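I opened my notebook to look up a few things in one protein structure. The entries follow in the order in which I looked.

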Amino acid sequence: MALNAEQWFPSVIWSGMLNGVDNDKIETFAYDRKNLDKGVQISNYIGWQSNSIKQGDNEEFDVLVNAITEQVNFCAAQAEMPTLHIQNIWININTPGAYNTLHNHAGAVLSGVYYIKSDPSQGNIMFERNDGAEYFLPPMEKPNYFTSTATTYKAMTGAIYVFPGWLKHSVQPNLTKDDRLSISFNYGVNK
């Protein structure tokens, strides 16, 4: 007799490349917004995070939000959840040396990041397991999905990553002389 394997409480991370977005126009909008918006400091160190961007602030940004919403709701449908609605979305400009400390997105069902301008040499996004498994797992020569305590995804222009809002994550330091630009977002059941 073989036992049935059921994967309860998985930490799903959806990943892909988003097409149909004019990153150059979004980049221009990001720097224009930075000149007008003092921003907020939440998980960012040295870098700049905008206040929440509203629909209608920029036409090309609205195109991006629609593309992100489509992807988020594809993820929600795969997880057998209802249609989700955007709670907030903001711009991140991580200047040289900037990074984001370990955090989660309280109140969000699904969160994510889209990279406007970046490459892996500018610091990747890291996800950490937060169920305490590291205190119970034996040392592993080659960790796998079941035994890993952390994973990293590349920060590349056009990449989008969607994940549960409760999944702890950080962003490695930007060790280049160029800015890393991204958009972060939260979706939930209430509009």
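Entry 1. Which residue in β11 does V113 stand opposite? I looked it up and found S184 in β11 opposite V113. I note that this is a predicted model, in which local features need pLDDT of at least 70 and side-chain atom pairs count only at pLDDT 80 or more, while totals for chains, interfaces and linings use all residues. Residues are numbered from 1 along each chain as its sequence is written, and side-chain values use heavy atoms, with hydrogens and water left out.

Entry 2. I looked up the elements. I found two helices and eleven strands in the protein; helices (H or I, at least four residues) and strands (E, at least two) are DSSP runs, numbered from the N terminus. Along the sequence the pattern reads β-α-β-β-α-β-β-β-β-β-β-β-β. The radius of gyration is 17 Å, close to the 16 Å of the globule rule for 191 residues, so the protein is as compact as a globular protein of that length. That radius is taken over C-alpha atoms, and the rule is 2.2 Å times the number of residues to the power 0.38. Along the principal axes, the C-alpha atoms fill a box of roughly 65 × 40 × 25 Å.

Entry 3. I looked up the sheet. Six strands form an open sheet with antiparallel pairing, in the order β1-β9-β6-β11-β4-β3. Two strands pair if DSSP finds at least two bridges between them. At the edges stand β1 (14–17) and β3 (48–49), each with a single partner strand, so one side of each has no neighbour in the sheet.

Entry 4. I followed strand β6 (residues 110–117). Five bridges pair β6 with β9 in the antiparallel sense. Across these two strands, Y114 has I160 as its bridge partner, and G112 stands opposite V162. β6 and β11 also run antiparallel, joined by seven bridges. Is β6 largely enclosed or left open by the rest of the structure? Seven of its eight residues are buried, so β6 is largely enclosed. Buried means under 20% relative accessible area, exposed over 50%, and partly exposed in between (1.4 Å probe, protein chains only).

Entry 5. I picked S182, which is in strand β11. S182 has a relative accessibility of 7%, so it counts as buried. Not counting residues up to four places away in sequence, S182 touches W90, I91, N92, V113, Y114, Y115 and I116. Contact means heavy atoms within 4.5 Å.

Entry 6. I looked at helix α2 (residues 59–78). Helix α2 lies across β1, β4 (85–94), β6, β9 and β11 (180–188), and runs at about 50° to β11. Axes are lines fitted to C-alpha atoms, for helices over the stretch in contact, and angles run from 0 to 180 degrees between N-to-C directions. Within helix α2 I checked V72, which is buried at 0% relative accessible area. Leaving aside neighbours within four places in sequence, V72 is in contact with L84, L110, V162, F185 and Y187. V72 and S111 are 39 residues apart along the chain, and their C-alpha atoms are separated by 8.4 Å.

Entry 7. I looked for aromatic pairs. Rings of Phe, Tyr and Trp (its six-membered ring) pair if their centres lie within 6.5 Å; planes under 30 degrees apart count as stacked, over 60 as edge-to-face and the rest as tilted. By this rule I have eight aromatic pairs. Why is the pair of F127 and F163 edge-to-face? Their ring centres are 4.9 Å apart and their planes are at 70°, so the pair falls in that class. F127 lies in strand β7 (residues 125–128) and F163 in strand β9 (residues 159–164), so the pair ties together parts 36 residues apart in sequence. F127 is buried at 3% relative accessible area, and F163 is buried at 1%. The rings of F185 and Y187 have centres 5.9 Å apart and planes at 85°, so this pair is edge-to-face too. Both F185 and Y187 are buried. Ring pairs also link Y115, F127, Y153, Y161 and F163 into a cluster.

Entry 8. I ended with totals. Buried residues make up 45% of the 191 residues. Among contacts between residues at least 6 apart in sequence, 85% join residues at least 24 apart.
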